[in-house]
Amino acid sequence: MHSAAEDPAGPEWAKIAVQKRAQRDAAIPADWHLPPGLIFEDRLNITRAPIESGILSSREIEITETDAATLVPKLAAREYTSYEVTLAFCKRAAIAQQLVNCLSEIFFDAALESAKEVDADYRVSGVVRGPLHGLPVSLKDCFKVAGTDATIGCTAFANDPTLDSEESEITKIMRQSGAILFCKTNVPLALMSGETFNAMYGYTSNPYNRDLSSGGSSGGESALLALRGSPLGVGTDIGGSIRIPASFCGLYSLKPSFGRFPTYGLRDALEGLEAIRGVVGPMSTSLADLELWSRSVAQTEPWKSSDPDCLRMPWRDVKVPEKLCFGILLDDGIVRPLPPVTRALLQTKEALERAGHTVIEFHVDVPLHLDGIKPALYQSATAGAINKIISRTQEPWPRGYEGLARLVEKGSSSSSSSSRRACDGERPDRPDDDGCTTVSQLWEAQAKRTVFAKRMLTAWAETERRTGTGRDMDALLTPTTPHEFSYDSYTSMWNVLDYCATTIPVTRVSPDKDAKPRYEPRSTLEAKIWQEYLPESMTDCPVSVQLIGRRLSEEYLLKVTKECDEAIKKYCQ
């Protein structure tokens, strides 16, 4: 694939890919290019490389090592100007791009001009622009920003810059809140993979171990943030696309319930899908930044004019009890987490208990992988939608999309024209024989989802009898993944149920502590994941845990997450 993309006489998609990469790379000033002797080819962990590159001044290192929640008051107090903060992060983002290939769209010049305007206005008015005054913020590629493409990794969407009137609502809200937008980040094709790779921009690797994935679909965002090329990033999540990359790159993240924050105006290959709703959420190296972003967005009252699906829910100030009770899910019964993940869960449990909290085991009497429900809710529709997009430039299906490609091939070879029309959305009420979902099948899947949601609701409520606090559990501690991106049920289950979730970094993979034990897998899927586990190849890779909260309880979950994070930092170091 890479050799074809370099051939200017190749297919249309390859020509577009060469052009787009050249445009992106040309947007990095020559002075910010890594010297040939400092390309760090001999290192897998390059998290310190930006500091060692010699490109950043000591003040720029100080700025870029500071979290967003600390930078904003410093900008308001005029300890920093927006211009110097934006310049520092532009330079560090450029370094990150050269190290892990994390950016899709670069607009540093426009960002620096915007920062100059913010500073000039502030000198005259003395009034900050908003709660994110002068702060650089990076966006996942699916957010539309005027003057840039929103390709979502598809060559068919290249060279079609967004008009001012077409910007995503979150883009507008970030500007309204005083943020400086300066780059967008790489994604997998059509946002539908747990690793970040597409034929146009290539692979985004993990800064902690460049032989490994940064996750997906917000993988460019996670890699950029891990290298501190941005103080605050915005991603999207429909099956784990914020939490998987955040966990792989040692970040804090929030997946809200649908309706808390606007999703209107995103570029999405699954536009119109309502069976499972994608959400927008923050990612950062600091937990405080998640609340800063959430409060800032809610403060704009997006339910009034930004998004008809936003709920009228102002950000609430909440308090959590001194003693909390956490549920813990160690194994979903389908794929047992790999040793570093189980170690992180048990370390977190011990830390919480040492901090005076209670941890109880949690089970629910349903198949947690939702076999037969998730594919009907969105997978089969995805195949047809993506195929239409990539066919426009003859772009091939990338690796990792074999299952979707087979659905399309099955539909193409079917002799039933009615089933093909069902896949194309023309007559979805007809029965099918090619794996595509009809309306009646969709309704059946949605009914099963509702039954599952009720069982989960009941199981959660029944924990009140075991918590010892007089309440049901305050949050549920779970894996994000087994630590392998191809299995997403630990994350996607909470999209199906629309619960909110956060991620917390806990530890790093250690070949000594995380040696491969003797284990008899329960299925072919589990056997494959465990067979491929080699702790030596994952050295230094971050390991995170996930906290789940009830629907629409983001404020409470963030407070509980803070208590958990403080316990981890105190007792797990």
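The following is a dialogue about how the terms used for this predicted model apply to it.

Visitor: What makes a feature count here?
Guide: This is a predicted model, in which local features need pLDDT of at least 70 and side-chain atom pairs count only at pLDDT 80 or more, while totals for chains, interfaces and linings use all residues. Residues are numbered from 1 along each chain as its sequence is written, and side-chain values use heavy atoms, with hydrogens and water left out.

Visitor: What makes residues 68-76 a helix, and which of its residues are buried?
Guide: Helices are DSSP runs of H or I with at least four residues, strands are runs of E with at least two, and both are numbered from the N terminus. Residues 68-76 form helix α5, where A68, L71, V72 and L75 are buried. Buried means under 20% relative accessible area, exposed means over 50%, and partly exposed lies in between, with a 1.4 Å probe and protein chains only.

Visitor: How do you know on which side of α5 they lie?
Guide: The arc is taken from the directions that lead from the helix axis to the C-beta atoms. These residues cover an arc of only 100°, which puts them on the same side of α5. Their cover includes α4 (58-64), α6 (82-100), α7 (108-125) and α11 (287-299).

Visitor: Why is α19 called mostly covered?
Guide: Nine of the nine residues of α19 (residues 489-497) are buried. Among them are Y490, M493 and W494. D498 follows α19 and has a positive phi, near 65°.

Visitor: How do you know which strands are at the edges of the sheet?
Guide: Two strands pair if DSSP finds at least two bridges between them. The open sheet has 11 strands in the order β1-β3-β2-β8-β10-β9-β14-β15-β13-β11-β12, with mixed pairing. Strands β1 (103-106) and β12 (358-361) each pair on one side only, and they are the edge strands.

Visitor: What makes β13 a partner of both β11 and β15?
Guide: Three bridges join β11 to β13, and these two run parallel. Another three bridges join β13 to β15, which run antiparallel. F326 stands opposite A475 in β13, and L477 has L547 in β15 as its bridge partner. A475 and L477 point one way from β13, L476 and T478 the other way, and all are buried.

Visitor: Why is the set around F108 and M174 called a nonpolar core?
Guide: A nonpolar core is a set of buried Ala, Val, Leu, Ile, Met, Phe, Trp, Tyr and Cys residues joined through side-chain atoms within 4.5 Å. The largest one has 133 residues, of which F108 and M174 touch the most other members. Helix α6 gives the largest share, 11 residues. Domain 1 (12-304) and domain 2 (325-371 + 444-572) both give residues to this core, so it lies between them. Leaving aside neighbours within four places in sequence, residues in contact with F108 include A27, W32, C90 and F182; contact means heavy atoms within 4.5 Å.

Visitor: How do you know where the domains are, and how many residues of each are in contact?
Guide: The domain bounds come from an automatic or database domain assignment. The protein is divided into domain 1 (12-304) and domain 2 (325-371 + 444-572). Their centres, taken over C-alpha atoms, are separated by 27 Å. In contact are 34 residues of domain 1 and 41 residues of domain 2.
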